Amino acid sequence: RRTVFVNAPVADVRQRPEAAAPLAFQAQAGVVLELLEPGQTGWARVRHPDGATGYVRIGAVWGL
């Protein structure tokens, strides 16, 4: 199980891998997210410890 760490002050995690997609959740700096799919076109699919999933910009996380 691979993880990434949020390295932005707040990372917006979207419902789809596009900037205009609705917000799925936000993650604070230092939060560990499970990596579900590696970055595609600048986005990675992740799961929050509470179970929420979505797409985060790869520049907002460390560990890819």
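Helices (H or I, at least four residues) and strands (E, at least two) are DSSP runs, numbered from the N terminus. By that rule the chain has zero helices and seven strands. Its elements run β-β-β-β-β-β-β from the N terminus on.

This is a predicted model, in which local features need pLDDT of at least 70, side-chain atom pairs count only at pLDDT 80 or more, and totals for chains, interfaces and linings use all residues. Residues are numbered from 1 along each chain as its sequence is written, and side-chain values use heavy atoms, with hydrogens and water left out.

Now the core. A nonpolar core is a set of buried Ala, Val, Leu, Ile, Met, Phe, Trp, Tyr and Cys residues joined through side-chain atoms within 4.5 Å. Buried means under 20% relative accessible area, exposed over 50%, partly exposed in between (1.4 Å probe, protein chains only). The largest nonpolar core holds 14 residues; Val4, Val6, Phe25, Leu33, Val46, Val56 and Val61 touch the most other members. Strands 1 to 5, tabled here, each supply at least two residues of this core.

| Strand | Residues |
|---|---|
| Strand 1 | 3-6 |
| Strand 2 | 10-14 |
| Strand 3 | 23-28 |
| Strand 4 | 32-40 |
| Strand 5 | 43-47 |

Contact means heavy atoms within 4.5 Å. Leaving aside neighbours within four places in sequence, Phe25 is in contact with residues including Leu33, Val46 and His48. His48 is found in the loop between strand 5 and strand 6 (53-57). His48 counts as buried because its relative accessibility is 19%. Beyond neighbours within four places, His48 is in contact with Phe25, Val31 and Leu33.

Along its principal axes, the C-alpha trace spans about 25 × 20 × 20 Å. Of the 64 residues, 31% count as buried.
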